[in-house]
Amino acid sequence: MIAKDKKQKTISMEGIHMNYVVIDLEMCKVPKMYRNKMYKYATEIIEIGTVLLNEDFRQIATLRQYVHPEYGVLDHYISNLTGIQNVQIKNAPLLEEALKHLTNWLGDREYKIFAWSECDFAQLRREIKSKQIEDE
């Protein structure tokens, strides 16, 4: 496999194995009365499901993390839809800690990230920005 960098030099990709990370988020609702200047969105992440695939798109590993919402409320509808119960998210880590754990779990391997939907990518971007989560 051959790739070109930004200056159009040819770079050999031999020996580099690309992995693929697919994430699927579950979210709860954030009631209007809990929204504020810092967090103005209608939903908040309560679970991050992750599948790691190798270069042949074969599953290597999975990771399922519950996330404690800072603003959201797990209502009966979302609980029935996702199977997630309050007891599972009550003492779960906040999003920042869950993302650190995910990064450590992935390690130093090369990977590309994909999401189940554009909605999941948008949600993750919004929460990282509004909760001021920074890369270490």
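Tutor: A residue is called buried when its relative accessible area is under 20%, exposed when the value is over 50%, and partly exposed in between. With that cut-off, and with the reminder that this is a predicted model, Glu127 counts as buried because its relative accessibility is 0%. The side chain of Glu127 meets that of Lys131 in a salt bridge, with 2.7 Å from N to O. Lys131 is also classed as buried, at 15% relative accessibility.

Glu70, at 41% relative accessibility, counts as partly exposed. The network of salt bridges links Glu44, Glu70, Glu127 and Lys131, and the structure as a whole holds 8 salt bridges.

Another of the salt bridges joins the side chains of Asp75 and Lys29, at 3.9 Å from N to O. Here too distant parts of the chain are linked, for Asp75 lies in the loop between β5 and α1 and Lys29 in strand β3, 46 residues apart. Both partners fall in the intermediate class: Asp75 is partly exposed at 25% relative accessibility, and Lys29 is partly exposed at 41%.

Glu44, a member of the network, leads on to the sheet, where this residue of β4 is the bridge partner of Cys28. Strands β3 and β4 (residues 43-53) pair in the antiparallel sense over 10 bridges. They belong to an open sheet of 4 strands, which has mixed pairing and runs in the order β5-β4-β3-β6. Because β5 (59-66) and β6 stand at the edges with a single partner strand each, one side of each is left without a neighbour in the sheet. From one strand to the next, the twist averages 25°.

The largest pocket draws on some of these elements, as β3 (18-29), α3 (95-106), β6 (110-115) and α4 (118-130) each supply at least two residues of its lining. The lining consists of 20 residues, and those nearest the centre of the pocket are Leu99, Lys100, Thr103, Ile128 and Asp135. The largest share, 7 residues, comes from α3. Sorted by class, the lining has 13 nonpolar, 2 polar and 5 charged residues, and the space in this pocket is about 460 Å³.

Two backbone details complete the picture. Most residues other than glycine have a negative phi. Gln132, in the segment after α4, has instead a positive phi near 50°, and with a relative accessible area of 55% it is exposed. Phe57, placed in the loop between β4 and β5, likewise has a positive phi, of about 65°, although it is not a glycine. Phe57 is exposed as well, with a relative accessible area of 54%.

Notes
Residues numbered from 1 in each chain as written. Predicted model: local features only at pLDDT ≥ 70, side-chain atom pairs only at ≥ 80, totals over all residues. Heavy atoms only, no water. 1 Å grid on protein atoms, 1.4 Å probe; cavity = no way out; pocket = protein on both sides within 12 Å on 5 of 7 lines; lining within 4 Å. Points joined across faces, edges and corners; volume = space filled by probe spheres on them. Nonpolar A, V, L, I, M, F, W, Y, C, P; charged D, E, K, R; others polar. Pairing = 2+ DSSP bridges. Axes fitted to C-alpha atoms, helices over the stretch in contact; angles between N-to-C directions. Buried < 20%, exposed > 50% of the residue type's maximum accessible area, 1.4 Å probe, protein only. Salt bridge = Lys/Arg side-chain N within 4 Å of Asp/Glu carboxyl O.
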